[in-house]
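Trainee: I am new to this structure and would like to learn how to read it. Could you take me through a few features?

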Amino acid sequence: MTDESGAKRIIFRGYQLLTLQVDHQPYGWLADAALVTRGPIIEWIGPQRELPAYDGDVQIQEGHGRFLSPGLIDCHTHLVYGGDRSAEWEQRLNGVSYEEIARRGGGILSTVKATREASEDELFASASQRVSAFLKQGVTAIEIKSGYGLNLDTERKMLRVARRIEQHFPVHVSKTLLAAHALPPEYNGRADDYIDHICEGMLPALIGMVDAVDIFCESIAFNPQQMQRVFAAARQLNPQIQLKAHVEQLSNLGGARRAAQMGALSVDHIEYLSATDCAILAEHGTVATLLPGAFYNLKETQKPPVDALRQAGVPIAISSDANPGSSPVASLLLMANMACNLFGLTPEEAIVGLTRNAARALGLDSAMGTLAPGMQANLAIWDIPHPAGLAHGIGHNPCLAVYYQGKRIHQADEA
Ligand code: NIG
Ligand code: FE
């Protein structure tokens, strides 16, 4: 077979593929298989013995039985921020609750202060370090939220940093406006006025910079009615805009079902989601994104309703929620481990949650999250004896190499 497009082919030969496709074996596992990329796209996958003969500009990669999966996708992060909250964590260990710290003007608001004071370059430098850690662990797509500005200029500054990350790193970046993350101090006692400002000032100015709009719907943040107003205003400005919501993290305000009914792509956290709500998510095709890092770090005890989500057939994604307060996490694979050990997911469900369902939570499932012809050639190669090994390790990085759109962008020293 000759390549007429001029795009270079790479033949990955002798690998165990984890395609993560539905209806295949668990993990979409194909032993003794091959995968061919052409330029930025996967051209062919199948059993080694059926590999077509190629000529022209072809590079061969020998797998020697190693595992190859789609690049991982972190579908919920807040990794652009200023400052540090380790001292607050110490307070929490001494018995002060997350809500109490938030009420005292700490928590999200202390990061808001530091983020407002930081320059765009400073934010880019610190976010770059965090992004690099994720990329070395096989992440090829990441969502980044604003939400530590809470005024037009700082929200815009954060989104510019997210755009710079996309321009400087070999990674897909989905950008989300989270202006409704907390009530800024200048609107104290006037939440509805701040929602007006989001709808009339921030959304019109910033919606062109983002893929999605998010809100924190909780007793310490905004209520479902306010969420509905923000979502309606966003959809009026751009009917295609994606909707996402932080809901039912500390209590059940009914935010998840309202978000699903408005067409939200995902609802995130959801520890307090009810079984009835699960059926509503399933009906609307909304992804349930579990954030075990926040659950662990806040020492929560209410677990997300995993059995009810399964029974209802709700797709489950897993994400880092990387942020300076509730989830100071720099490892997506650790989240898979925690999703299994803390929430009772199977390793396969956890890996699906970092790939196929994470892509779905970002509306990217036709381009990434599985291995199939026509999908982006975003690949990770692993030093693991079994697919469950991806979720089993704690503090290991078994990633040997990463390809983004057909180009190798990371190789571990020992590979
Ligand atoms: O997803 N739940 C609300 N927002 C973040 C917390 C951010 C922070 O603590 O700074 C979250 O956990
Ligand atoms: Fe979050």
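This is a predicted model: local features need pLDDT of at least 70, side-chain atom pairs count only at pLDDT 80 or more; totals for chains, interfaces and linings use all residues.

Trainee: Let's begin with the metal. Which residues coordinate the iron ion (ligand 2)?

Mentor: To read a metal site, look for the donor atoms around the ion. Here the iron ion (ligand 2) is held by the NE2 atoms of His76, His78 and His246 and by OD of Asp321, at 2.0 to 2.3 Å. Along the chain, the spacing of these donors reads H-x1-H-x167-H-x74-D. His246 belongs to strand S10 (residues 242–247), while Asp321 sits in the loop between strand S13 (316–318) and helix H12 (332–343), so this pair ties together parts that are 75 residues apart in sequence.

Trainee: Is His246 buried or exposed? And what about Asp321, buried or exposed?

Mentor: For this we compare relative accessibility with a cut-off: under 20% means buried. His246 has 3%, so His246 counts as buried. Asp321, at 1%, counts as buried too.

Trainee: Now the helices. At what angle do H4 and H5 pack?

Mentor: For a helix pair, read the angle and the distance between the axes. Helix H4 (residues 120–135) packs on helix H5 (residues 152–168) at about 50°, and their axes are 9 Å apart. That angle makes H4 oblique to H5. Their crossing is right-handed. By class, the contact of H4 with H5 has six nonpolar, two polar and five charged residues. Among those in H4 are Phe124 and Val131, and the H5 side includes Arg160 and Ile165.

Trainee: How are H6 and H7 arranged?

Mentor: Helix H6 (residues 191–206) and helix H7 (residues 224–237) meet at an angle of about 15°, with axes 10 Å apart. Angles under 35 degrees count as roughly parallel, and H6 and H7 are therefore roughly parallel to each other. The crossing of H6 and H7 is right-handed. Ten nonpolar, one polar and three charged residues make up their contact. Including Ile195 and Leu203 from H6, the contact also takes in Val230 and Leu237 from H7.

Trainee: Finally, a single residue. Which residues does Arg163 contact, leaving aside neighbours within four places in sequence?

Mentor: Start with where the residue lies, then ask what surrounds it. Arg163 is part of helix H5 and is partly exposed, with a relative accessible area of 35%. Beyond its neighbours within four places in sequence, Arg163 is in contact with Lys175 and Met209. The C-alpha atoms of Arg163 and Val173 are 7.6 Å apart, with the two residues ten places apart along the chain.

Notes:
Residues are numbered from 1 along each chain as its sequence is written. Chains are lettered from A and ligands numbered from 1 in the order in which they are written. Side-chain values use heavy atoms; hydrogens and water are left out. Axes are lines fitted to C-alpha atoms, for helices over the stretch in contact, and angles run from 0 to 180 degrees between N-to-C directions. Helices (H or I, at least four residues) and strands (E, at least two) are DSSP runs, numbered from the N terminus. Angles under 35 degrees count as roughly parallel, over 145 as roughly antiparallel, 65 to 115 as roughly perpendicular and the rest as oblique. A crossing is left-handed if the near helix is turned anticlockwise from the far one by less than a right angle, and right-handed if clockwise. Contact means heavy atoms within 4.5 Å. Ala, Val, Leu, Ile, Met, Phe, Trp, Tyr, Cys and Pro count as nonpolar, Asp, Glu, Lys and Arg as charged, and the others, Gly among them, as polar. Donors are N, O and S atoms within 2.8 Å of the metal (3.2 Å for Na, K and Ca); water is not among the atoms, so sites may look incomplete. Buried means under 20% relative accessible area, exposed over 50%, partly exposed in between (1.4 Å probe, protein chains only).
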